[in-house]
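Welcome, and please take a moment to look over the fold before reading on. The text below walks through it piece by piece.

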Amino acid sequence: MSDLQTSDGRALTTPRRTYLVVDGENIDATLGMNVLGHRPAPEERPRWDRIVEFARQAWGQDVTPLFFLNASSGQMPMSFVQALLAMGYRPIPLAGSGSEKVVDIGIQRMLDAIAGQPGDVLLASHDGDFLPQVETLLDDPDRRVGVLAFREFVNVRLTELTGRGLEVFDLEDHAGAFTTVLPRVRIIPLEEFDPLRYL
């Protein structure tokens with residue numbers, strides 16, 4: 001909970017929230033190149049509504065879902081944007097020069113801005129470019145910070161932050177973001193091993 005004041009000086013308590021910050025490009029590229037070995041078909045992509053629901057349940061609070069898109073081509077995938085809006089996301093289509101990593105820069109700026117606000121952060125990305133911002137967020141002992149991704153592909157330096165309190169959630173195992181079992185080969189903690197998955 002965070003305290004704000006009304007114009008007459010009375011304290012207002014607002015519920016704490018989770019900022020779900022989605023690096024859609026990174027999730028899609030990792031799914032295609034590293035997990036599937038081909039460009040994902042629509043039915044192979046994450047169910048973004050399930051990810052919002054997972055974020056809500058993970059820490060038991062309201063979610064502000066922010067979905068970053070690269071719109072440097074001048075075009076936006078309007079049907080996808082409309083679908084995101086219908087699921088409660090705030091699409092953030094950014095444009096820049098061909099050499100700029102516009103989505104990464106936008107997310108870095110967003111994480112910097114969130115660091116000055118109350119609230120918890122769940123970052124959907126594997127990217128180590130956000131390491132400085134995640135470290136800053138973790139400096140606040142009252143803030144929960146998590147990464148939601150395919151665990152085996154999360155940047156190693158990010159996973160090293162679990163000792164400082166970073167939580168790492170798996171898109172498939174924890175969030176249940178997919179309608180089919182993905183062809184992943186990875187280390188499975190024994191307590192999470194489900195033999196039925198292989199039958």
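Setting aside neighbours within four places in sequence, L131 is in contact (heavy atoms within 4.5 Å) with R157, L158 and L161. L131 belongs to helix α5, which covers residues 131-138. Helices (H or I, at least four residues) and strands (E, at least two) are DSSP runs, numbered from the N terminus. With a relative accessibility of 6%, L131 counts as buried. Here buried means under 20% relative accessible area, exposed means over 50%, and partly exposed lies in between (1.4 Å probe, protein chains only). From L131 to S72, 59 residues apart along the chain, the C-alpha atoms are separated by 24 Å.

A word on the source: this is a predicted model, in which local features need pLDDT of at least 70 and side-chain atom pairs count only at pLDDT 80 or more, while totals for chains, interfaces and linings use all residues. Residues are numbered from 1 along each chain as its sequence is written, and side-chain values use heavy atoms, with hydrogens and water left out.

**The sheet**

In what order do the six strands of the open sheet come? The order is β5-β4-β3-β6-β7-β8, and the pairing is parallel. Two strands pair if DSSP finds at least two bridges between them. At the edges are β5 (90-94) and β8 (167-170), each of which pairs on one side only. From one strand to the next, the twist averages 20°.

| Residue | Opposite residue | Strand of the opposite residue |
|---|---|---|
| Y19 | V121 | β6 |
| V22 | A124 | β6 |

Is β3 mostly covered or mostly open? It is mostly covered, with six of its seven residues buried.

**The cores**

A nonpolar core is a set of buried Ala, Val, Leu, Ile, Met, Phe, Trp, Tyr and Cys residues joined through side-chain atoms within 4.5 Å. The largest one has 28 residues, and those that touch the most other members are L20, I51, Y89, L122, L148 and L171. At least two residues of this core come from each of β3 (17-23), α1 (24-36), α2 (48-59), β4 (62-70), α3 (78-86) and β6 (120-124). Helix α2 gives the largest share, six residues. Take L20 as an example: residues up to four places away in sequence not counted, L20 touches I51, V52, A55, V63, T64, P65, L66, Y89 and L122. There is also a second, separate core of 24 residues, with L123, L137, A149 and L166 among them.

**Helix α1 and what follows**

Helix α1 lies across β3, β4, β6 and β7 (145-149), and runs at about 55° to β3. Such axes are lines fitted to C-alpha atoms, for helices over the stretch in contact, and the angles run from 0 to 180 degrees between N-to-C directions. The buried residues of α1 are G24, N26, I27, T30, L31, G32, V35 and L36, and they pack against β3, α2, β4, β6 and β7.

Why does N26 count as buried? N26 counts as buried because its relative accessibility is 16%. Among residues beyond four places in sequence, N26 touches S125, H126 and D127.

After α1 comes G37, with a positive phi near 80°. G37 sits in the loop between α1 and α2 and is exposed, at a relative accessible area of 60%. Apart from its neighbours within four places in sequence, G37 is in contact with L31 and G32. G37 and P183 are 146 residues apart in sequence, yet their C-alpha atoms are 9.7 Å apart in space.

**The largest pocket**

The largest pocket holds about 290 Å³ of space. Its lining has 13 residues, and G24, D28, F67, L69 and F80 lie nearest its centre. α1 and β4 are the elements that give two or more residues to this lining. A pocket is an open set of points on a 1 Å grid over the protein atoms alone, where a 1.4 Å probe fits, with protein on both sides within 12 Å along at least five of seven lines; lining residues have an atom within 4 Å of a point. Grid points are joined across faces, edges and corners, and the volume is the space filled by probe spheres set on the points.
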